[in-house]
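The following questions and answers examine selected features of a structural model. Please consult the sequence and the structure while reading.

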Amino acid sequence: MTATAALLRWVVRLARREWRQHLLVTTLVAFGITGAVVTVVTLSHTADTPERLTAGAPTMVGGFASDGDTGDNGTGSGALLARVEPVVARYPEAELVLFGPAGPEGVALIAQDPAKPLGQTWLDLGAGSWPAAGEVTLSTAAADRLGRQAGAAVVPGDTVTVGGRPRVVSGVYENPTDLEASTGIVPRAELGPWQEVRVLLPSIGHPLAAELSAIEVDGGVLPLYEQRPMGPDRGDVLLAYLLTTVLLIQVGVLASAGFTVLAERRSRQLGLLAAIGAAPARVGSVLRLTGFVVGVIGGLVGLVAGLVISAALAPSLQRLSGHRVAATDVPWGYVLPLVPLAVATAVAGAWWPARRVQQISALDAIAARRARSGGVARSLAAGVALVAAGTGAMIVGAPKNDPLLVVAGVVGVAAGGLLLAPGATALLGRVGGSGPVPVRLAWRDLARNRSRSASAVAAASVALALPFGISSFVASLGSTWQPNVPPQVALLAGPTTRQGMPLVDEAEAKASELAAAVPGARLVAVPLPVARDSTIAFGPEGGFYPFQVQTVRSSGPGWGLSTAVATPELLAMMGIDPPAPDVDVIVAGSLRLALAPSVTVQRVGPQPSSFPQVLLVHELPGMSFDDVVVLDRFLVADHPLTAEERDRLELVGGGPPDPTKPSFNRSRVIVSESPPPFVAIRSSALAIGSIFGLAAVAVAVALIRVEAGPEGAVLTAVGARPRTSRLIGAVSAAGLGLAAGCIAVLCTLLLLMGVYLNPDEEFDFAVPWAELGVVLLLVPLVAAAAGWLLTNTRTVRPLGR
Amino acid sequence: MTGPVRLVLDRVSRSFGAGPTTVHALREVSLAVTAGEFVAVMGPSGSGKSTMLTIAGGLDRPTSGRVLVDGIEVAGLSRTELAALRRGRLGYVFQSFNLLPALTAAENVRLPLELDGVRRRAAHTRALAQLEAVGLGHRADHFPDDLSGGEQQRVAIARALVAEGALILADEPTGALDSVNGEAVMRSLRQACDRGAAAVVVTHDAQLAAWADRVVFLRDGRVVDQTDISPVVPDLLTSGPR
């Protein structure tokens, strides 16, 4: 105990003397934890899961949808509601909520009793009051929307037309679980047509649930479902922790470099400690204890900083997530474990330097003789072996989609990559040995100070690898990306019943209506042959489910692809030449399909994603061209659709609600979407990675150059020009950046094999030239420029004694 | 000594700080060193020996007075010109931290030449010759960590001598060495001077100072055994740089 106290005292005094060094490492740890806290909080808030809609809501049992029958004719959903409502009324704690359709003004009406407690998580009255007869209480999103349409803000007391009639705005509320919900609360009697009924219950075991379950619907029972409030989605938190781990690995290896410098600067004192009888383990524990203290301080500072930043980001997160995010809304269960993680990172960072300190002889330490860097052969051999084994596992496992082998491959390549760092710095020393003086000095110095430069290379390669991988993957994705439809084409789908059953006649009528909205447009039908053996009837006119071809996946079930008849019009629109007489099926892209070997397949290039991916030229077993339905049509204009035409199509497609018709009697109009922001994603990923990578390099160069004072004196004395020092700084930084970039590129490309070799992925490898340029050229160049600018060139006076 | 004058210090003063706390490290020191001359500078700690050496080498600027190296007035030189002067005409030897640990002995010796643009092969030949001259030709490819303290100092001397017509400025070059190695270093310096170099060596050891042609004593920033500068100095100062 006394010895530990003495050691602790020594650690504190060491910290006071080497406060800059400690500050650097503590800042690193704090920075890592800040990033981790912000990542965890952000991802937990922006998780786009169904649960967020009920965040904070009670357990509830759901209801049913309307089939268009809003009256009590004894058979439809109207009749069902008439049976359910009195049952619910017997339980005061239960609530019945009716959701109406969205009108042309874009506001959906809801009949809900605001006084009841269970549904209150959806209701937060901001201004005015809840509605009385002839009134509506608008959500903030609805008020904004109507305000935009009217050209003036909508406030309580105004009269607006929603749900087909003018109503007085009684108040404005917010739905904390869905800020974008454009809704209005109206009295039950004034709702009009409704789409969906929900029954809210305090728990799934409530007796009402049993009663509802007993109600028969179309020969079955009322479908019930349970929604309960959940915390952040585990997948997102897992992702957050994965990113945190990457960040902390980087921090850990950099902290290790910092502790190495600390140990070297204080090697004499540590030697004295050993000389007066301290056991090697005790000498090493000085650094480990330092690591612990640094971890605790860095972790707590990082936690506080992360929470402050998260609170500041709350408004932005709220906009991003679409639900209310309070500044105090912190997932403590996921955030607090980051502090011990910080301590573990710092202690792990101190472990290797501590081990080296334990091994240094007391005599050498007292004489201030530097401990020589160990050989690189072992780590290099281990690194190469791990990378090779990981690559092998990937090559074998990826084509079979074997998760065990793929994960083993990822771990092998990643760990092997880190172990390559000392070898890379040694290689730099070798290569630099035959270069000009600044290169020779800089790169040999990196090789000599391997314990810290290799850490920096490892940290920078980790920082670069992840964004390089994301960016390269996105580059591949972008190179094979297809639009949903070309700009001059719109896909007209539907309408369908609420259950998704197509309404064939309505679809045809709606398509003609839509075609008339665009001058010069023509319609190209997508005829779907129906499966002979299917027993699933659809549509009021009957018929059978469209014939589907199954895809093949190496693991898990494939999915069914609706197949269209390859009519000349459809082929012409898709730009496909008429098939040869012996072709049975035309398949777009590299889809793997479960087809009999006798079926002749013609492959064509990737097609827009909303185009049919499988076209039948001849009949196949199990389907007939005699029974063909047309559910979808392409509207083909002779010009790219203008914004006005798109709006018009969407308006005509949606149409005004007709109380006599099912409210969902609308066509979906799919027009060409803007391509995903591939370039933005790639540049952001690379920029973030480069910043982190360069930060790691900067820390390493700072650590190395801080030790280079005496060498600077020698250089000055032998007549080196002022720019020589700058050159050495620049070349050091460039060398570190280059080594890190090479390792990051090598390992990431090997890791991406796991994706590219996966037979279920439908995109090919594209050489990520821009990414390679950034990681292998730009990052070293920027590092060199920073090294040049930051290197101190003032004359260093020689040290006489 | 009647060779060309390598170094002139003309009434050089150097003070640090201001007001009542001003420290006068050097007070009106004058000194001239000619080619082939070996000058030892002795004096107690704080007498200004090292300050004099750094000013002589252009690493520090005097508060007043003039410094000429090979007739070139140091005060008027830019940092780049000063660096060129050090590469071509000056050689430094310190008590420690003499060599760059990342370079071999030969690379350390040829460093000033390479920095001066001499081709690597030619620089290497000259470096090897200098290493031979200090008896370390066989250690040319060794890194400093592999050399003893004495050997490191002799490599530093070889580096100081590698430039043509060098003026060697050595600050306690034997301070960290045993007597045998100390003698070897002084012998190397003596031999260098015999070959035409000039050397100014700061030392505490009177026995080692015996290797010098002249011993200059400093105390409280003043030269106490030499009150007049060399007779050649006034001529040199009036004729300007060569």
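**Strands, helices and their packing**

Q: How many bridges join strand E1 (residues 5-16) of chain B to strand E4 (residues 64-69) of chain B?
A: The model is a predicted one. In it, E1 and E4 of chain B run antiparallel. One of the bridges links Leu7(B) to Val69(B) in E4(B). The number of bridges that join E1(B) to E4(B) is 5.

Q: Which helix packs on the sheet and touches E1, E2 and E4 of chain B?
A: The direction of this helix makes about 120° with that of E1(B). The helix covers residues 49-56 of chain B. Its name is H1.

Q: Which strands of chain B stand at the edges of the sheet?
A: The open sheet has 4 strands with antiparallel pairing, in the order E2-E1-E4-E5 of chain B. An edge strand has a single partner strand, so one side of it is left without a neighbour in the sheet. The strands in this position are E2 (23-34) and E5 (72-73) of chain B.

Q: Which residue in E8(A) is the bridge partner of Thr137(A)?
A: Strand E5 (residues 135-139) of chain A is mostly covered, with 4 of its 5 residues buried. E5(A) is joined by 2 bridges to strand E8 (residues 183-185) of chain A, and these strands run antiparallel. The partner of Thr137(A) in E8(A) is Ile185(A).

Q: Do E5(A) and strand E7 (residues 165-174) of chain A run parallel or antiparallel?
A: E5(A) and E7(A) are joined by 5 bridges. Among the paired residues are Leu138(A) and, in E7(A), Val172(A). The direction of E5(A) relative to E7(A) is parallel.

Q: Which residue in E19(A) is the bridge partner of Ala588(A)?
A: An open sheet of 4 strands in chain A has the order E17-E20-E18-E19, with mixed pairing. Its edge strands, E17 (564-565) and E19 (601-604), each pair on one side only. Strand E18 (residues 585-588) of chain A runs parallel to E19(A), and 4 bridges join them. In E19(A), the partner of Ala588(A) is Val604(A).

Q: How many nonpolar residues are in the contact of H13(A) with H15(A)?
A: H13(A) passes H15(A) in a right-handed crossing. The residues that meet include Leu418(A) and Pro422(A) in H13(A), and Val457(A) and Val462(A) in H15(A). Beside 2 polar residues and 1 charged residue, the contact has a nonpolar count of 8.

Q: Why is H8(A) described as roughly antiparallel to H10(A)?
A: Helix H8 (residues 280-321) and helix H10 (residues 338-359) of chain A pack with their axes 7 Å apart, at an angle of about 155°. Angles over 145 degrees count as roughly antiparallel. The relation of H8(A) to H10(A) is therefore roughly antiparallel.

Q: Is Leu272(A) buried, partly exposed or exposed?
A: Leu272(A) lies in helix H7 (residues 267-275) of chain A. Buried means under 20% relative accessible area and exposed means over 50%. Because its relative accessible area is 45%, Leu272(A) is partly exposed.

Note on methods: Residues numbered from 1 in each chain as written. Chains lettered and ligands numbered in written order. Predicted model: local features only at pLDDT ≥ 70, side-chain atom pairs only at ≥ 80, totals over all residues. Heavy atoms only, no water. Buried < 20%, exposed > 50% of the residue type's maximum accessible area, 1.4 Å probe, protein only. Left-handed = near helix turned anticlockwise from the far one by under 90°. Contact = heavy atoms within 4.5 Å. Nonpolar A, V, L, I, M, F, W, Y, C, P; charged D, E, K, R; others polar. Pairing = 2+ DSSP bridges. Axes fitted to C-alpha atoms, helices over the stretch in contact; angles between N-to-C directions. Parallel < 35°, antiparallel > 145°, perpendicular 65-115°, else oblique.
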